[in-house]
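Here are my notes on the cross-links and charged pairs in this model. Please read them against the coordinates.

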Amino acid sequence: MRAIFKDTIFANVATTDDGGVWWEGMTDDIPEHLIDWTGKDWTPACRPKAAAHPNSRFCTPGKNCPILDSHWEDPKGVKIEAILLGGRRPEGVPLVTEAFNWQHGVFLGATLKSEATAAAEHTTKCVMHDPFSMRPFFGYNFGGYLKHWLSFASHDKLPKIFMVNWFRRSADGGFMWPGIAIDDD
């Protein structure tokens with residue numbers, strides 16, 4: 001959240017009376033008044049109509065990220081120790097799964113399934129194949145993409161690959177992944 005406080009472009013979010021942005025789940029307290037993503041007045045009485053579109057987005061420079069490696073623009077690169085491939089499965093899939101080896105990690109990414117979202121232009125909550133969590137964004141030959149990933153298998157010192165279920169919910173309905181929680185400090 002700290003990364004979006006400056007130089008950020010928002011799309012399809014609600015705006016607060018003081019010029020800030022807001023979307024469902026951003027804060028524990030719901031503002032008393034907002035301008036929704038369509039430009040209309042919105043109050044909590046408007047619920048269940050959402051103030052922000054389910055496909056709300058933001059774009060912010062990488063340099064805004066407070067935990068970004070200080071050498072992130074070094075032409076020699078930055079050591080990558082782990083690759084996280086994340087899906088959206090509210091139940092039935094572990095929070096984190098570590099791949100046994102590189103090939104298994106590529107298999108996990110290639111066979112990933114996610115609950116459909118507005119980004120994938122689905123209105124129902126169906127579970128669909130979502131290889132590498134990139135289904136809406138694949139514009140090239142997927143076989144070539146897999147071949148590229150698998151071509152690294154013979155290299156030494158490859159990063160570990162983890163499958164992460166970003167949207168796993170706890171018994172009380174909250175997100176289990178700590179990165180989803182709102183940091184208030």
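1. The whole structure contains 0 disulfides, a disulfide being a pair of cysteine sulfur atoms within 2.5 Å. Cys 46 is partly exposed at 29% relative accessible area, and Cys 126 is likewise partly exposed at 30%. Here buried means under 20% relative accessible area, exposed over 50%, and partly exposed in between (1.4 Å probe, protein chains only).

2. The model is predicted: local features need pLDDT of at least 70, side-chain atom pairs count only at pLDDT 80 or more, and totals for chains, interfaces and linings use all residues. Residues are numbered from 1 along each chain as its sequence is written, and side-chain values use heavy atoms, with hydrogens and water left out.

3. The search of the whole structure gives 2 salt bridges (a side-chain nitrogen of Lys or Arg within 4 Å of a carboxyl oxygen of Asp or Glu). One of them joins Lys 49 to Asp 36, with N to O at 2.9 Å. Lys 49 sits in the loop between strand 5 (41–42) and strand 6 (57–59) and Asp 36 in the loop between strand 4 (34–35) and strand 5, so the contact ties together parts 13 residues apart in sequence. Strands (E, at least two residues) are DSSP runs, numbered from the N terminus.

4. Within that pair, Asp 36 is buried at 3% relative accessibility, whereas Lys 49 is partly exposed at 39%.

5. Lys 160 and Glu 98 also form a salt bridge, their closest N and O atoms lying 3.6 Å apart. This pair links distant parts of the chain, from strand 11 (residues 160–165) to strand 8 (residues 96–98), 62 residues apart. Lys 160 is partly exposed at 47%, and Glu 98 is partly exposed at 38%.

Note on methods: Helix = DSSP H or I, 4+ residues; strand = E, 2+ residues; numbered from the N terminus.
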